[in-house]
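Let's take a friendly walk through a protein model. We will look at its rings, its cores and its open space.

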Amino acid sequence: MVVGGDWRKRVQKLLTVSLSDLNPFRGEETFLSVDIGSSSVKMLEVRGTGGGARVTAFGAMPTPPRALQSNMVYEPSAVADVIRTVAEGRGMRAKKAVTAIPGPAVIIKRLSLPAQAPEEAESTIVVEAGNCIPEDLENVNLDYQILGHSDDGKRMEVLLVAAKKDIVTSYTDTIRLAGLTPVIVDVDYFALENMFELNYEAEAGRVVALVNIGARYSAINILKGGQSTFTGDVPVGGRDITDSLMRDLGVSPEEAETLKSGGTVPKIPASQARVSLAAACEGVIEEIQHALGFFWSAATDEAIDRLYLSGGAVRTPGLAEAMARRVETPVEVVNPLNHLAVDPRADTQALRQSAPGLAVAVGLGLRRPGDK
């Protein structure tokens, strides 16, 4: 999937759930950010917007096994129970929720078509969508945005966005089952960018890569001068490190997670654990490096100036350093809370310990209905 220029904000607008009773100017209203991942459900209650946003509550729980498959929620009732438990346990009162579907579940295409009147454009675009989207159009949520026209006015650039209806519905139904109202369905790629915009300064002409290592896949968003240029994903993540440790050392899933967090396991010498951990990380790093080369290096001779890592797996000892050596560029583990105020009532210790894994949740927490 490729996204260029400032498409991200246009796509976000297209994916916003329209609710007529919402007032987009109520900036101090509180919303729930619900990041439903394959390993955990992370939730933030956020009041306000932009640089004035404040986290008023935080909570997370493991996602039920096999609840997420093929980019959709297969067990909505079980996941809804988790969302309710987190919300009630952490005293979250907001009822309007912002969530995200995985980037691999969304199809984004850029089309160049002959310029035509708006009343004619829709039918032309639908025909083109049928040619370039590998799904029956009856089965997808489809929208488009005319981005602009060529200098001579003879052609128009169109952004086409499609997501399978059953995937989007699986997330919104889950939110509703939890007693909440889904107001925005975003995409994790773009939530990462929201987080970055709040916490880091984009420099003109500089290229940065945002890489979020999830449990089963890693999302990539490459920005140039602060604007999204390429997005994509790699089917590797923290679960691959866990599985590798289990195979190599004969440890349980729980023991593997302990090693990933820098702990020790009885009967496993520290030196042996370090060697196995380095080998496990190397497999994930190699795939991410290959993807970065495919998405960027193969298309341009510009170098990536800095790579920002996020996701729970980045706390694995040595992973960030090994990534920097492999990609030969500075690597920084993000802190999504750099410029985000935290209410004293929130569990600040848990928040800061979990910070690298909250990049998507923070990005979602900054989204509001009516965003342009």
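A residue counts as buried when its relative accessible area is under 20%. Keep in mind that this is a predicted model.

With that cut-off in hand, is Y200 buried or exposed? Y200 has a relative accessibility of 11%, so it counts as buried.

Together, F196, Y200 and Y308 make up one aromatic cluster.

| Pair | Centre to centre | Angle between planes | Arrangement |
|---|---|---|---|
| F196 and Y308 | 5.1 Å | 70° | edge-to-face |
| Y200 and Y308 | 5.0 Å | 55° | tilted |

Both pairs link distant parts of the chain. F196 belongs to helix α5 and Y308 to strand β14, 112 residues apart. Y200 sits in the loop between α5 and β11, 108 residues from Y308.

Now for the nonpolar cores. The largest has 73 residues, and V34, I36, M43, I83 and L351 touch the most other members. Helix α5 gives this core its largest share, seven residues. A second, separate core has 38 residues, including C281, V284, F295 and I304.

Finally, where is the open space? The largest pocket holds about 1,300 Å³. It is lined by 50 residues, and S39, S40, K42, G214 and A215 are the closest to its centre. The lining consists of 21 nonpolar, 18 polar and eleven charged residues. Helix α6 supplies the largest share of that lining, five residues.

Key. Residues are numbered from 1 along each chain as its sequence is written. This is a predicted model: local features need pLDDT of at least 70, side-chain atom pairs count only at pLDDT 80 or more; totals for chains, interfaces and linings use all residues. Side-chain values use heavy atoms; hydrogens and water are left out. On a 1 Å grid over the protein atoms alone, a cavity is a set of points where a 1.4 Å probe fits but cannot get out, and a pocket is an open set with protein on both sides within 12 Å along at least five of seven lines; lining residues have an atom within 4 Å of a point. Grid points are joined across faces, edges and corners, and a volume is the space filled by probe spheres set on the points. Helices (H or I, at least four residues) and strands (E, at least two) are DSSP runs, numbered from the N terminus. Ala, Val, Leu, Ile, Met, Phe, Trp, Tyr, Cys and Pro count as nonpolar, Asp, Glu, Lys and Arg as charged, and the others, Gly among them, as polar. A nonpolar core is a set of buried Ala, Val, Leu, Ile, Met, Phe, Trp, Tyr and Cys residues joined through side-chain atoms within 4.5 Å. Buried means under 20% relative accessible area, exposed over 50%, partly exposed in between (1.4 Å probe, protein chains only). Rings of Phe, Tyr and Trp (its six-membered ring) pair if their centres lie within 6.5 Å; planes under 30 degrees apart count as stacked, over 60 as edge-to-face and the rest as tilted.
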